[in-house]
Amino acid sequence: MINSNNTDYIYSANFDDGHNIVSPNNSASVPNSSPDEFSESDKSFMSHALALARLGMGWTSPNPMVGAVIVKNSQIIGEGYHHRCGMLHAEREAIADAKAKGNEPLLKGATMFVTLEPCCHTGRTPPCTEAVIEAGIGRVVVASADVDDRVAGNGIQALRNAGIQVDVGLFDDENRRLNSIFYFYKQHKRPYIVLKAAMTLDGKIATSEMDSSWISNEQSRSIVHELRGRLKAVAVGKNTVIYDKPRLNCRSDTPLLQNKPVDKIIFAEQNDVPTDSFASDGGRILFADRKKISSPDDFISFCMEHEIDSVLVEGGSGVYTWFLQNDLADRIILFYRPSFMGSDGLNVVGGLGVTKIHQLMNFHIHSVKQVGDNIMVD
Ligand code: AOF
Ligand code: ZN
């Protein structure tokens with residue numbers, strides 16, 4: 001049985017399992033240190049930094065989740081994490097925490113464990129490398145190098161140039177799994193797109209009267225709320241808004257994800273659909289008018305322009321068909337109810353022009369789980 005308060009479950013529904021999108025560190029400019037260079041206490045402090053990073057889950061997009069711990073004489077003197085995009089980065093949070101605790105005199109020569117290479121650029125916030133150097137930190141242990149073009153090795157170089165010992169690669173894989181969406185988005189310069197659909201065994205998502213509530217059971221729906229919590233935006237078509245009157249917010253049982261704003265991408269012209277059913281959760285309502293957004297590149301540019309790193313496509317049939325036809329689905333999550341609707345129901349996917357078996361699009365099954373009396377195929 002799946003328990004939505006269980007973190008192992010979050011991993012499986014929320015990409016920490018890496019699925020097919022974890023990128024290994026093959027950067028020649030920032031080779032990982034040999035694993036022998038890390039002591040048991042290094043490992044324990046970096047695990048703690050990763051646990052802190054995880055507290056930002058759902059909220060940091062398009063930024064990564066990052067945690068930092070400052071240690072002197074085997075004691076933690078300051079710690080912090082990146083709470084959300086636009087707020088202080090983890091390193092500055094940790095330095096501020098050390099100061100607030102009266103530990104400023106201990107910063108000189110201390111070791112910082114940080115899950116991502118400190119940034120060296122001025123973005124929404126000033127460079128972390130400057131804060132680390134200014135604080136007099138003597139050694140920095142980094143889980144993973146950054147892939148942001150503005151940083152990518154330059155942050156580590158800046159610290160080394162300032163005479164700081166920098167060791168890289170402790171729990172690199174764990175961090176890349178945690179931040180797999182960030183790495184995907186920065187490397188591919190496009191959002192990670194997940195299609196989610198709930199249907200009967202014969203692939204019907206609504207009756208002939210467009211009734212679709214509720215095909216899947218409550219447990220399946222709670223998994224969808226985890227997904228909305230973890231991804232930046234949901235995308236739906238005009239008919240889904242008209243017939244389902246969706247709220248399109250995140251009603252997750254997981255405390256960290258509760259009330260997380262969900263951006264709502266609507267495939268319709270503005271003023272063409274009622275939006276009064278949408279929850280006021282702070283998420284943006286973005287209209288992707290089909291006349292302007294007709295090709296996959298248009299959709300990707302639209303997402304990049306709005307800094308949307310991940311999208312949960314929630315239907316209906318026309319929208320699923322468009323994403324499949326344009327090869328835009330990176331992951332598909334299907335919930336099956338053990339019922340048949342018959343041929344008068346609405347098909348999950350419309351015509352794809354398939355006349356021969358070899359023309360079928362094929363997918364790789366990552367997992368099949370029973371969720372109460374539903375089956376989840378991922
Ligand atoms: C860090 N520590 O905690 C985070 C980092 O727009 P900004 O200023 O927030 O910068 C965003 C970029 O900074 C992001 O793409 C990533 O490269 C890095 N994020 N870096 O040193 C942090 N969140
Ligand atoms: Zn930074």
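Of the 378 residues in the chain, 43% are buried, a word used here for residues with 20 or more other C-beta atoms within 10 Å of their own, while exposed means 12 or fewer and partly exposed in between, with C-beta atoms placed from the backbone. This is a predicted model, in which local features need pLDDT of at least 70 and side-chain atom pairs count only at pLDDT 80 or more, whereas totals for chains, interfaces and linings use all residues. Residues are numbered from 1 along each chain as its sequence is written, and chains are lettered from A and ligands numbered from 1 in the order in which they are written.

Let us start with the overall fold. The chain has eleven helices and 15 strands; these are DSSP runs numbered from the N terminus, H or I over at least four residues for helices and E over at least two for strands. The radius of gyration of the chain is 23 Å, close to the 21 Å that the globule rule gives for 378 residues, so the chain is as compact as a globular protein of that length. That radius is taken over C-alpha atoms, and the globule rule is 2.2 Å times the number of residues to the power 0.38. Along its principal axes, the C-alpha trace spans about 75 × 40 × 40 Å.

Eight strands form an open sheet with mixed pairing, in the order 10-9-8-11-6-12-15-14; two strands count as paired if DSSP finds at least two bridges between them. Strand 10 (285–287) and strand 14 (368–371) stand at the edges with a single partner strand each, so one side of each has no neighbour in the sheet. From one strand to the next, the twist averages 20 degrees, with axes fitted as lines to C-alpha atoms and angles running from 0 to 180 degrees between N-to-C directions.

You can follow part of this order pair by pair. Strand 6 (residues 192–200) and strand 12 (residues 331–337) are parallel and share seven bridges, with Val-194 opposite Arg-331 of strand 12. Strand 12 then pairs with strand 15 in the antiparallel sense over three bridges, and here Phe-335 faces Met-376 of strand 15. Strand 15 (residues 374–377) is also joined to strand 14 by four bridges, again running antiparallel. In that pairing, Lys-369 stands opposite Met-376.

Strand 4 (residues 139–144) and strand 5 are parallel, with four bridges between them, and Val-142 has Val-168 in strand 5 as its bridge partner.

Next, have a look at ligand 1. It is surrounded by 17 residues, the closest being Val-66, His-82, His-89, Gly-123 and Asp-148; a residue is near a molecule if its C-beta atom, placed from the backbone, lies within 6 Å of it. By class, the shell holds eight nonpolar, five polar and four charged residues, where Ala, Val, Leu, Ile, Met, Phe, Trp, Tyr, Cys and Pro count as nonpolar, Asp, Glu, Lys and Arg as charged, and the others, Gly among them, as polar. His-82 belongs to the loop between strand 2 (75–81) and helix 3 (90–100), and His-82 counts as buried because it has 28 C-beta neighbours inside 10 Å.

Finally, some backbone details in the loops deserve a visit. A cis peptide bond, with omega about 0 degrees, joins Ser-61 and Pro-62, and Pro-62 sits in the loop between helix 2 (40–54) and strand 1 (67–72). Another cis peptide bond joins Gly-315 and Gly-316, and Gly-316 lies in the loop between strand 11 (310–313) and helix 11 (317–325). The loop between helix 9 (238–244) and strand 9 (263–267) contains Lys-245, a residue other than glycine whose phi is positive, near 45 degrees. Lys-245 is exposed, with 12 other C-beta atoms within 10 Å. Asn-259 is found in the loop between helix 9 and strand 9 and also has a positive phi, near 65 degrees; with 15 C-beta neighbours inside 10 Å, Asn-259 counts as partly exposed.
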